[in-house]
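Dear colleague,

I am passing on a structure that I would like you to look through before we talk. Please open it first, and then read the notes that follow.

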Amino acid sequence: MSLQSLDELRLQWKPVAIAFMATAPSGLPRVSSALPAGCAYWKHASEGHAFFTTPEDHYNCAVGAFTHGASLPDAQKQELEGLIGTMIKLEYLKGDEVASIPHRRAPLQVTAYAPLADATFAPDVVVIRGNPRQLMLVSEAARSAGAFDGADIMGRPACAMIPYAIDSERAVASFGCIGNRVYTGLGDEELYVAVPGKRLAATLERLDTILNANAQLETFHQQRNG
């Protein structure tokens, strides 16, 4: 599987490989300190770090812990209930939406993170962060590979795209959420596409073709636009 086509996108942030495991991969260190949210680990990995986390490393964000399948201690359960209650009160969420938020059913044990190019483990999902033009190309490649139908666009919470992509085995775009934008520094002009590991090779294979096609079509349209 070649990552050269991803390099041609000139992404500012490295695509991140994520895998859920029973035990940590050999040689992969545990994260040095718990971060404020699960999505903050994406940013840490995209900056060039490879590491693993355990459930307690996700307790700082009750929503992220829920979507990742972490068993929450009583204090974090109360925090989650209080936060959801606040979101409903603010009309950010409707009460009947909560049960439909995608989340992992299996208990969280170990989560491995690494820049995709450096990953020593097979990813369950790859998170790609970029601008609309870059992710237009990724989504077109995923669609061409039969892994994206264009209707799969998510918002809050951003971390729900991880279990959604894995369970559906389909790529998903996400506009992120306000928490994610705070914890990751996601820019106003940025969003995500998450590609399930099982569909990654096919998506990257099609990306080469999509890049070439777009380059030629851009020239065609520019000539017509005069």
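How many aromatic pairs does the structure hold? The structure holds four of them, where rings of Phe, Tyr and Trp (its six-membered ring) pair if their centres lie within 6.5 Å, and where planes under 30 degrees apart count as stacked, over 60 as edge-to-face and the rest as tilted. Please keep in mind that this is a predicted model, in which local features need pLDDT of at least 70 and side-chain atom pairs count only at pLDDT 80 or more, while totals for chains, interfaces and linings use all residues. Residues are numbered from 1 along each chain as its sequence is written, and side-chain values use heavy atoms, with hydrogens and water left out.

One of the pairs is made by Y41 and Y113, which are 5.7 Å apart centre to centre with 35 degrees between the planes, and this pair is tilted. It links distant parts of the chain, since Y41 belongs to helix 2 and Y113 to strand 3 (residues 110-115), 72 residues apart; helices (H or I, at least four residues) and strands (E, at least two) are DSSP runs, numbered from the N terminus. The rings of F51 and Y113 have centres 5.1 Å apart and planes at 20 degrees, so this pair is stacked. Because F51 lies in strand 2 (residues 51-53) and Y113 in strand 3, the pair ties together parts that are 62 residues apart in sequence. Y41, F51 and Y113 form one aromatic cluster.

Are these residues buried or exposed? Y41 and Y113 are both buried, where buried means under 20% relative accessible area, exposed over 50%, and partly exposed in between (1.4 Å probe, protein chains only). F51 counts as buried at 3% relative accessibility, and Y113 has a relative accessible area of 0%.

Finally, the charged end of R104 sits over the ring of F20, 4.2 Å from its centre (NZ of Lys or CZ of Arg within 6 Å of the ring centre and within 35 degrees of the ring normal). R129 lies over the face of W13, at 4.2 Å from the ring centre.
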